[in-house]
Structure formats: structure tokens, C-alpha cells
Amino acid sequence: MKFFSTSIGCVACTLALAAPAQAAGSAAMAAEYGCVNCHGSYPRGESPSLERLAEKMAKYKGDDAGLAQKVTSYRTGKALEHIDAHERISLEAATALLRWLAEGGK
Ligand code: HEC
């Protein structure tokens, strides 16, 4: 029984540690989600670099409504243009990453 409650305690602390990483985007998160595969220092094909993305997203800084709309269109993709990595991601993760970019992506 003691072992049981100890492991529950650990699950709770792992979740507590994981939560802030989800809430705030970061370069580490962009790497973890594979964003840098296309948007890294050597952008692939037509993908804008992270720097360029930050410039584009800057207009949503402090504009939560605008950002939310952008997140929706980002996750839906444009007609004829679907990017798996954009569409697979959760609403929370997409919001965190796009907000991080809007705030400069540093
Ligand atoms: C398979 C390659 C690929 C991956 C992986 C990828 N992207 Fe993209 N992304 C693109 C391309 C290509 C565009 C340009 C689309 C365009 O300009 O219409 C783009 C555009 C964007 C835009 C700009 C949208 C706009 O309206 O201008 C943002 C923001 C973005 N990506 C964020 C991300 C984030 C965050 C991740 C990681 C979860 C990610 N991307 C992963 C290829 C990728």
C-alpha cells in the first residue's frame, strides 16, 4: 500500500512538472514538436524560418482573439495545402507555440 501511494505521488509530480512546459512555448518545445525540422536555421523548401515566423506572428502579440483565430486556421490548413505537423498538434500546444512566436520566438 505504501508503494502504491508513493507511485501516485510521483505521477502527480510528473504532471505538475509537465504542465508549465505545455502552457508556455519555447525553443525546446518547437524542437520537441518537430517545428525546427522545417522552420529551423536552414528552412526546408518554402517553409519560413522561425525568425521569419516570429516576424509574421508579431502582429498577434497581446491580441488573444486574433491569435486564437490564427491558431484555428493554422491547425485547419489551407485548401490544397496541408501540413501534417500543423494539423496533428493539440489546440493547447499550437496556442503555446504561436504565442511564443508572437512574442519573438526566443
Ligand atoms: C513538414 C514541414 C513543416 C513542419 C514540420 C512545420 N511546418 Fe510550419 N510551415 C511549413 C510551411 C511550408 C509553411 C508555409 C505555408 C505558407 O506560407 O502558406 C509553414 C508555415 C507556418 C506558419 C505561418 C502560417 C502563416 O499563416 O503564415 C507558422 C506559424 C508555422 N508554420 C508554425 C509551425 C509550428 C509551430 C510547427 C511545429 C508544431 C511547424 N510549423 C511545423 C512547414 C512545416
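**Figure 1. Packing of helices α5 and α7.** Helix α5 (residues 64-76) and α7 have axes that come within 10 Å and cross at roughly 120°. The crossing in which α5 passes α7 is right-handed. On α5, the contact is made by Leu67, Lys70, Val71, Tyr74 and Arg75; on α7, Leu91, Ala94, Thr95, Leu98, Arg99 and Ala102 take part. By residue class, this contact of α5 with α7 comprises seven nonpolar residues, one polar and three charged. The structure shown here and in the other views is a predicted model.

**Figure 2. Packing of helices α4 and α7.** The axes of α4 and α7 lie 7 Å apart, and the helices pack at an angle of about 85°. This angle makes α4 roughly perpendicular to α7, because the range from 65 to 115 degrees counts as roughly perpendicular. Leu53, Ala54 and Met57 of α4 meet Leu98, Leu101 and Ala102 of α7. The contact of α4 with α7 consists of six nonpolar residues, with no polar and no charged ones. Leu98 and Ala102 of α7 take part in this contact, and Leu98 and Ala102 are also listed in the contact with α5.

**Figure 3. The shell around the ligand.** Of the 20 residues around the ligand, those that come nearest are Tyr33, Cys35, Cys38, Ala85 and Leu97. Four helices each supply at least two residues of the shell: α3 (35-39), α4 (50-57), α6 (84-88) and α7 (91-102). The largest share, four residues, comes from α3. In composition, the shell around the ligand has 13 nonpolar residues, five polar and two charged. Helices α4 and α7, both contributors to this shell, are the pair whose axes are 7 Å apart.

Figure 4. The chain contains seven helices and zero strands. From the N terminus on, its elements run α-α-α-α-α-α-α. Of the 106 residues in the chain, 21% are buried. Among contacts between residues at least 6 apart in sequence, 58% join residues at least 24 apart.

Note on methods. Residues are numbered from 1 along each chain as its sequence is written. This is a predicted model: local features need pLDDT of at least 70, side-chain atom pairs count only at pLDDT 80 or more; totals for chains, interfaces and linings use all residues. A residue is near a molecule or strand if its C-beta atom, placed from the backbone, lies within 6 Å of it. Ala, Val, Leu, Ile, Met, Phe, Trp, Tyr, Cys and Pro count as nonpolar, Asp, Glu, Lys and Arg as charged, and the others, Gly among them, as polar. Axes are lines fitted to C-alpha atoms, for helices over the stretch in contact, and angles run from 0 to 180 degrees between N-to-C directions. A crossing is left-handed if the near helix is turned anticlockwise from the far one by less than a right angle, and right-handed if clockwise. Two residues are in contact if their C-beta atoms, placed from the backbone, lie within 7 Å. A residue is buried if 20 or more other C-beta atoms lie within 10 Å of its own, exposed if 12 or fewer, and partly exposed in between; C-beta atoms are placed from the backbone. Angles under 35 degrees count as roughly parallel, over 145 as roughly antiparallel, 65 to 115 as roughly perpendicular and the rest as oblique.
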